[in-house]
Amino acid sequence: MNGKSIAGFVLGILSIVVPYIGFLLGIVAIILSAISLKEIRIRYEQGRGLAIAGLVCGIVGTLIYAILILLFLLFVYAASSYPPY
């Protein structure tokens, strides 16, 4: 079993669940899962399903928090450009 695929899977799930640092965890999960998929293909190890699940969860977690950050920035910009009374 490839250890990086397990770590990518765990970090991928945490990227969805953990607030505030989920964006960074998602990026690390994507990197680890991609590396483990390459290693699994070369070394014929097990853990391909965990690596794919970690990759998907990492992408979903990163996208969720990227959208939330963009919405927050848009809200701050809209609130600051509103004319005062």
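**Stop 1: the loops**

Select tyrosine 20, which is found in the loop between helix 1 and helix 2. Helices here are DSSP runs (H or I, at least four residues), numbered from the N terminus. This is a predicted model, in which local features need pLDDT of at least 70 and side-chain atom pairs count only at pLDDT 80 or more, while totals for chains, interfaces and linings use all residues. Residues are numbered from 1 along each chain as its sequence is written, and side-chain values use heavy atoms, with hydrogens and water left out.

Tyrosine 20 is not a glycine, although its phi is positive, about 75°. Is tyrosine 20 buried or exposed? Tyrosine 20 is exposed, with a relative accessible area of 80%. The cut-offs are these: buried is under 20% relative accessible area, exposed is over 50%, and partly exposed is in between (1.4 Å probe, protein chains only).

Now select tyrosine 44, in the loop between helix 2 and helix 3. Its phi is near 55°, again a positive value in a residue other than glycine. Tyrosine 44 is exposed, at a relative accessible area of 73%.

**Stop 2: helix 3 from end to end**

Select residues 48-80. This is helix 3, with 33 residues. From first C-alpha to last, helix 3 reaches 48 Å, close to the 48 Å expected at 1.5 Å a residue. The expected span is 1.5 Å times one less than the number of residues.

Which residues of helix 3 are buried? Color Ala51, Gly54, Cys57, Gly58, Gly61, Thr62 and Tyr65. The buried residues of helix 3 pack against helix 1 (3-17) and helix 2 (22-43).

Leucine 68 is partly exposed, with a relative accessible area of 46%.

**Stop 3: helix 1 against helix 3**

Show helix 1 and helix 3 together. Their axes come within 7 Å and cross at roughly 25°. Axes are lines fitted to C-alpha atoms, for helices over the stretch in contact, and angles run from 0 to 180 degrees between N-to-C directions. Helix 1 and helix 3 are therefore roughly parallel to each other. Angles under 35 degrees count as roughly parallel, and those over 145 as roughly antiparallel.

On the helix 1 side, the contact includes Ser5, Phe9 and Ile16; on the helix 3 side, it includes Leu50, Cys57 and Tyr65. Contact means heavy atoms within 4.5 Å. The residues of this contact divide into 11 nonpolar, 7 polar and no charged. Here Ala, Val, Leu, Ile, Met, Phe, Trp, Tyr, Cys and Pro count as nonpolar, Asp, Glu, Lys and Arg as charged, and the others, Gly among them, as polar.

Zoom in on glycine 61, in helix 3. Glycine 61 counts as buried, at 0% relative accessibility. Not counting residues up to four places away in sequence, glycine 61 touches Ser15 and Ile16.

**Stop 4: helix 2 against helix 3**

The axes of helix 2 and helix 3 come within 8 Å and cross at roughly 155°. Helix 2 and helix 3 are therefore roughly antiparallel to each other. Among the contact residues are Phe23, Ile30 and Leu37 of helix 2, and Arg48, Leu55 and Ala66 of helix 3. By class, this contact has 12 nonpolar, 7 polar and 1 charged residues.

Key: Helix = DSSP H or I, 4+ residues; strand = E, 2+ residues; numbered from the N terminus. Parallel < 35°, antiparallel > 145°, perpendicular 65-115°, else oblique.
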